[in-house]
Amino acid sequence: MFLKNIVVTFLFVLSTSTIAQINDLFLGYWSIDENEILQIYREENFYYGRIISSNINKRKGKLILIQMQRKSNRILFGGTYVDFKIEKEYEAKLKIKDNNIIVFIGVYGVFNKRTFWYRVKSTSLEKNSNSN
């Protein structure tokens, strides 16, 4: 009986952590401008973003979101955004506006940069990579 309770508890914890990851609105692919696609992923308790598609080859694979932390289901904060175009780093904050739009806010000194990122379905990325 004791072993059965341990197994049931383990399965419950495993299923709730899997469901939480599935419902994580930040994870996935985002169009950050007309020429670049960013993949946001999570490692342990931090979120990262890597350029996976770009018209500028040297930007592909670059890590641009570093160690973002979850404040709530709709806000990431406390990390760094690296803007390779102007060679600056910003303190970053991401807010989910709806399930398909992120509001990016970058703070550099007294200046703020605010842009919108739009969700891209992974199937459309696979079609584009197969056609090249």
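Predicted model: local features only at pLDDT ≥ 70, side-chain atom pairs only at ≥ 80, totals over all residues.
Student: What makes Lys-85 exposed?

Tutor: Exposed means over 50% relative accessible area, buried means under 20%, and partly exposed lies in between (1.4 Å probe, protein chains only). Lys-85 has a relative accessible area of 53%, and therefore Lys-85 is exposed.

Student: Which residue forms a salt bridge with Arg-70?

Tutor: The partner of Arg-70 is Asp-24, and their closest N and O atoms are 2.7 Å apart. Arg-70 belongs to strand E4 (residues 63–72), whereas Asp-24 sits in the loop between helix H1 (2–22) and strand E1 (28–33), so the bridge ties together parts 46 residues apart in sequence. Both labels come from DSSP runs numbered from the N terminus: a helix (H or I) has at least four residues, and a strand (E) at least two. Arg-70 is partly exposed at a relative accessible area of 32%, while Asp-24 counts as buried at 5%. These two residues and Arg-42 are linked in a network of salt bridges. The structure holds 5 salt bridges.

Student: How do you know that Asp-83 is buried?

Tutor: Asp-83 has 6% relative accessibility, which falls under the limit for a buried residue, so Asp-83 is counted as such. Asp-83 is found in strand E5 (residues 75–83). Not counting residues up to four places away in sequence, Asp-83 touches Lys-88, Tyr-90 and Lys-113; contact here means heavy atoms within 4.5 Å.

Student: What makes the pair of Asp-83 and Lys-113 a salt bridge?

Tutor: The closest N and O atoms of Asp-83 and Lys-113 are 3.0 Å apart. The pair links distant parts of the chain, with Asp-83 in strand E5 and Lys-113 in strand E8, 30 residues apart.

Student: Why is E1 called largely enclosed by the rest of the structure?

Tutor: Of the 6 residues of E1, 5 are buried, so E1 is largely enclosed. Two strands pair if DSSP finds at least two bridges between them. E1 and E2 are antiparallel and joined by 5 bridges, so they pair. In that pairing, Gly-28 has Ile-40 in E2 as its bridge partner, and the two strands form a hairpin with 2 residues between them. E1 also pairs with E8 in the antiparallel sense, over 3 bridges, where Trp-30 stands opposite Arg-119.

Student: How many bridges join E5 to E6?

Tutor: There are 8 bridges between E5 and E6, which run antiparallel. Thr-80 stands opposite Glu-91 in E6. The hairpin of these strands has 4 residues between them, and Glu-87 takes a positive phi near 55° there. E5 is also joined to E4 by 5 bridges, again antiparallel.

Student: Which residues of the largest nonpolar core touch the most other members?

Tutor: A nonpolar core is a set of buried Ala, Val, Leu, Ile, Met, Phe, Trp, Tyr and Cys residues joined through side-chain atoms within 4.5 Å. The largest one has 20 residues, and those touching the most other members are Phe-26, Ile-40, Leu-65, Tyr-81, Leu-94, Ile-102 and Trp-117. Elements giving two or more residues include E1, strand E2 (36–43) and strand E3 (46–54). E6 gives the most, with 4 residues. Leaving aside neighbours within four places in sequence, Tyr-81 is in contact with several residues, including Leu-65, Phe-104 and Trp-117.

Student: Why does Val-110 count as exposed?

Tutor: Val-110 has 76% relative accessibility and therefore counts as exposed. Val-110 is found in the loop between strand E7 (101–108) and strand E8 (111–120).

Methods: Residues numbered from 1 in each chain as written. Heavy atoms only, no water. Salt bridge = Lys/Arg side-chain N within 4 Å of Asp/Glu carboxyl O.
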